[in-house]
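Please open the model in a viewer and keep the selection panel at hand. The stops below proceed from one selection to the next.

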Amino acid sequence: MSWKLFFSYELINDVGISVGIFLLFLLFRKIFAKYVIALIAKGIRKENHPYFSHMFLSFEKPIQWLFILLGIYVSAWYFPHFDATQVLFVKLVKSAIIFLVGWGLFNLSSSSTLLFAKLNERFNFEIDEILIPFLSKLIRVIIVIVIFSGIAEEFNYNVIGLVGGLGLGGLAFALAAKDAIGNLFGGVIIITEKPFTIGDWILTSSVEGTVETITFRSTKIRTFADALVTVPNAKLANETITNWSKMGKRRIVFNLSVTYETPKEKLEGVIKKMEYMLKNHSGIHQDTIITKFDKYGVDGLDIYIYFFTKTTVWLDFLKIKEEINYKIMDILDHEGVSLAIPNRRLYVDSKSEWNVKLDGSV
């Protein structure tokens, strides 16, 4: 009977030590979460290092869970009738550590955009803005693959053999995912050829607007009606793309029709004054300015006006176009020349009459 009591006391004692160790690690976790994290965060904010701030926030949750994992592992050594050295338990602990480290790196990869921007600024690597989101997502994919491979290796799975053994199953999967693969290659084409980048104003056969984001699968474009359109990369890569943001100048062309009563001298004077006005306007590109008497139109004499603005910004372009229109009105008013108004005349011959026969025929 005494032996049983001694055994029960030893059992309770070991269980108490094991539980106490686990609770101690939970206490450490709470202290770390409440005080250490706050202290480190305060120091980072004071030093104003955004990348270190991202690094700290990325590993904050994994480190808290690491306390729990360590508590389980250490307390397992004191838990009665449990062998902490058994292979499965050790593999599970190692796999959990791999997962926690990968979790932190995965979170940290979200700040890789900031890192690439800093590299661009400091070392002039000239990493295109369109490439940075792809690199960030590629890093995340690589991290997930490494985590999966590391855990699989812990359980003695040959990942390379597993991939190689997919065989026809892998082919069937590839066929089923052909649209996704097509979008991926479409994204690669967009990156390599760079028909546009983030922030560009583009026009395609299906959409017009400003490029917001580019992912492996699709490109998101904000229209001028503030709608967000998602276009698959495979479709976008095969469309004709007009990139208005790449224009060096913006064209204005129209015909101006004046009345046939306008004398030749006044017509020549109007054309010369319009050409002079365009050549002396600060917002007009001086390489190509055309103002010519074009043709005899249906309603009047047509003047052909062709020029470019220096700006390609839509609102600035419209402002210059408005200024030119007002100046043309002033020139016409000063010269006493009127614009031709479209008109039609209907002539009716009252002397003609219909001869209707009695049988109704004409």
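Select Lys 246 to begin: this residue is exposed, with a relative accessible area of 56%, where exposed means over 50%, buried under 20% and partly exposed in between (1.4 Å probe, protein chains only). The model is a predicted one, in which local features need pLDDT of at least 70 and side-chain atom pairs count only at pLDDT 80 or more, whereas totals for chains, interfaces and linings use all residues. Residues are numbered from 1 along each chain as its sequence is written, and side-chain values use heavy atoms, with hydrogens and water left out.

The side chains of Asp 200 and Lys 246 form a salt bridge, at 4.0 Å from N to O; the term denotes a side-chain nitrogen of Lys or Arg within 4 Å of a carboxyl oxygen of Asp or Glu. This pair links distant parts of the chain, 46 residues apart: Asp 200 is in the loop between helix H8 (178-193) and strand E1 (201-203), and Lys 246 is in the loop between strand E5 (242-243) and E6. Helices (H or I, at least four residues) and strands (E, at least two) are DSSP runs, numbered from the N terminus. Asp 200 has 8% relative accessibility and therefore counts as buried.

How many salt bridges does a search of the whole structure find? The search returns four.

Next, select Arg 222 and Glu 212. Their closest N and O atoms are 2.9 Å apart, in a salt bridge. Because Arg 222 lies in strand E3 (residues 218-222) and Glu 212 in strand E2 (residues 208-214), the pair ties together parts that are 10 residues apart in sequence. Arg 222 is partly exposed at 26% relative accessibility, and Glu 212 is partly exposed with a relative accessible area of 33%.

Move on to helix H10, residues 264-279. This helix has 16 residues and reaches 23 Å from its first C-alpha to its last, close to the expected 22 Å; the expected span is 1.5 Å times one less than the number of residues. Glu 275 is partly exposed at 24%, and Lys 279 is partly exposed at 45%.

Which residues of H10 are buried? They are Leu 267, Gly 269, Val 270, Ile 271, Met 274, Met 277 and Leu 278. Finally, display what covers them, including strands E6 (250-258), E7 (284-296) and E8 (301-309) and helix H11 (314-335).

Notes: Contact means heavy atoms within 4.5 Å.
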